[in-house]
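Subject: Structure handover

Hello,

Here is the structure I promised to pass on. Please open it first, then read my notes below with it on screen.

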Amino acid sequence: MLGNYLIGLREGLEAALVVSILVAYLVKVGRGDRLRYVWTGVAAAVAISLAAGALLSFTSASLSFRASEIFGGTLSIVAVGLVTWMVFWMRRTARSMKGALEGQARQALTMGAGSLVLLSLLAVGREGLETAVFLWAAVQATGSGLAAPLVGAALGLASAVALAWLLYRRAVKVDLARFFSVTGALLVVVAAGVLAYGVHDLQEAGVLPGLQVLAFDVSGAVPPGTWYATVLKGTVNFSPQTTVLQAVAWVAYVVPVALAYFRPDRRPATTPATPSQSAVGAR
Amino acid sequence: MTTTTVRRSRPLLLVVGSALALSACGASAGADGGASVAVDSSDSACSVARTELAAGATELSITNSGASTTEVYVYDAAGDVVGEREDIAPGTSQSLTVDLEPGRYEVTCKPGQSGEGIATPVTVA
């Protein structure tokens with residue numbers, strides 16, 4: 001049961017983390033009315049993944065190894081683009097909230113409905129097919145009289161959702177400035193991990209070279225079957241065996257994006273209410 | 001959705017659509033009477049029901065009878081990965097379909113998802 005639990009936990013964390021930050025963000029900027037778009041995206045991702053997974057598991061339809069790696073890799077890279085865009089949306093909101101923006105201007109800074117649906121859809125769906133195939137396999141095992149796989153998988157997913165919910169609860173209580181800086185940093189690291197994951201998929205597909213050229217191998221210290229390896233993989237996509245290209249992509253993403261996100265404002269976001277605010281915005 | 005959102009989403013939808021289309025090229029609906037071979041991956045063994053196979057689309061029906069999550073790779077003679085199936089949880093079965101040309105291959109099970117794994121040689125006529 002542990003094996004199934006850990007996979008459920010990992011897949012659940014990978015899907016739920018970005019969504020919980022997105023939900024916390026919407027609640028904190030007072031746009032809880034937009035939450036339904038997030039749920040729409042999540043529901044669509046779950047439905048599509050389960051349907052496609054069922055197709056692959058119960059019919060003789062199959063997806064070639066190369067094609068599924070290209071699919072997963074491409075979706076992951078697209079997801080990185082969207083999360084990066086989300087990170088900079090949050091930065092603009094943080095800047096505007098430092099000033100005295102009210103009403104209409106603040107409204108304009110909330111992400112559009114379509115963007116919210118797409119972001120949630122991709123955050124949950126990019127690994128949805130893999131998760132669905134794993135779940136259907138657990139369901140099939142029940143058919144042969146073995147309940148442990150499905151129970152383990154369900155508990156793992158439930159644990160991930162609970163953790164994501166706890167994160168949300170913590171995030172909404174924290175003050176705005178801290179919220180934006182912490183979640184911003186978290187999202188940058190998470191996105192870098194997704195990028196590294198996408199690079200690995202494309203290496204497996206042969207689209208990118210260097211599958212066997214490892215930057216490091218710490219699977220002795222962090223064996224894939226342990227809970228800590230699982231949590232690391234599910235949150236920041238840390239692989240005990242990381243290729244050089246993955247490491248390069250990770251650094252090449254984190255450094256410029258973190259610098260851009262945390263650079264001081266070049267000018268005040270609005271006419272400052274107090275002189276101290278213009279000091280923050282000055283070059 | 002506003003028209004601006006739709007306009008802005010179009011390039012994105014194009015990329016996602018292309019990803020789907022590309023993978024559809026790699027999808028096949030139904031093996032045409034292709035072979036099915038049972039693979040049992042346990043904690044210490046990787047048993048392939050038949051090690052002399054016919055060329056063509058072959059479905060490996062993999063069962064994990066061990067205690068840890070396993071993955072199964074099919075390597076060709078050059079050491080390249082022809083197919084793989086990861087995250088096969090204990091007690092479950094998953095299938096992996098590979099297109100095999102005549103030659104020598106290795107079906108490798110990696111219980112615990114790390115290390116060299118247990119290789120079983122397979123010949124395709």
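A residue counts as buried if its relative accessible area is under 20%. Tyr261(A), at 7% relative accessibility, is therefore buried. Keep that cut-off in mind, since burial comes up again below. Also note that this is a predicted model.

**Aromatic pairs in chain A**

How many aromatic pairs does the structure hold over all chains? There are nine. One of them joins Trp227(A) and Tyr228(A). Their ring centres are 5.6 Å apart and their planes stand at 90°, so this pair is edge-to-face. Trp227(A) is exposed, at 59% relative accessibility. Tyr228(A) is partly exposed, with a relative accessible area of 34%.

Tyr261(A) and Phe262(A) also form an edge-to-face pair. Here the distance is 4.8 Å centre to centre, with 85° between the planes. Phe262(A) is partly exposed, with a relative accessible area of 45%.

Ring pairs link Tyr25(A), Phe179(A) and Phe180(A). Phe179(A) has a charged residue over its face: Lys28(A), at 5.6 Å from the ring centre.

**The core**

Now to the largest nonpolar core, which has 55 residues. Which members touch the most others? Met86(A) and Tyr253(A) do. Seen by element, two or more residues each come from helices H1 (2–28), H2 (35–58), H3 (65–98), H5 (113–125), H7 (148–173), H8 (176–204) and H10 (244–262) of chain A. H3(A) gives the largest share, with 13 residues.

**Sheets in chain B**

Turn to chain B for the sheets. Five strands make an open sheet there, in the order E4-E10-E9-E6-E7, with mixed pairing. Strands E4 (52–53) and E7 (81–88) of chain B are at its edges. Each has a single partner strand, so one side of each has no neighbour in the sheet.

Inside this sheet, look at E9 (residues 103–111) and E10 (residues 118–124) of chain B. They pair in the antiparallel sense over seven bridges.

Another open sheet of chain B has four strands, in the order E3-E2-E5-E8. The pairing is mixed here too. E3 and E8 (93–100) of chain B stand at the edges with a single partner strand each, so each has one side without a neighbour in the sheet. On average, neighbouring strands of this sheet are turned by 25° against each other, direction ignored.

How many bridges join E5 (residues 56–64) of chain B to E8(B)? Eight, and the two strands run antiparallel. Thr58(B) is a handy place to look, as Val98(B) in E8(B) stands opposite.

**The disulfide**

A search of the whole structure finds one disulfide over all chains. It joins Cys46(B) to Cys109(B), with 1.9 Å from S to S. The link is right-handed, with 55° about the S-S bond. Which parts does the pair tie together? Cys46(B) lies in strand E3 (residues 46–48) and Cys109(B) in strand E9 of chain B, so the pair ties together parts that are 63 residues apart in sequence. E3 belongs to the four-strand sheet, and E9 belongs to the five-strand sheet. Are these cysteines buried or exposed? Both Cys46(B) and Cys109(B) are buried.

**Positive phi values**

Two loop residues deserve a look. Asn237(A) is not a glycine, yet has a positive phi of about 55°. Its loop runs between helix H9 (227–236) and strand E3 (241–243) of chain A. Asn237(A) is buried, with a relative accessible area of 8%.

Gln113(B) has a phi near 55°, also a positive value in a residue other than glycine. Gln113(B) sits in the loop between E9 and E10 of chain B, the strands with the seven bridges. Gln113(B) is buried too, with a relative accessible area of 16%.

**A further ring contact**

Lastly, see Tyr73(B). Lys110(B) lies over the face of this ring, at 4.5 Å from its centre.

Best wishes

Methods
Residues numbered from 1 in each chain as written. Chains lettered and ligands numbered in written order. Predicted model: local features only at pLDDT ≥ 70, side-chain atom pairs only at ≥ 80, totals over all residues. Heavy atoms only, no water. Pairing = 2+ DSSP bridges. Disulfide = S-S within 2.5 Å. Buried < 20%, exposed > 50% of the residue type's maximum accessible area, 1.4 Å probe, protein only. Phe/Tyr/Trp six-rings, centres within 6.5 Å; stacked < 30°, edge-to-face > 60°. Lys NZ or Arg CZ within 6 Å of the ring centre and 35° of its normal. Axes fitted to C-alpha atoms, helices over the stretch in contact; angles between N-to-C directions. Core = buried A, V, L, I, M, F, W, Y, C linked by side-chain atoms within 4.5 Å.
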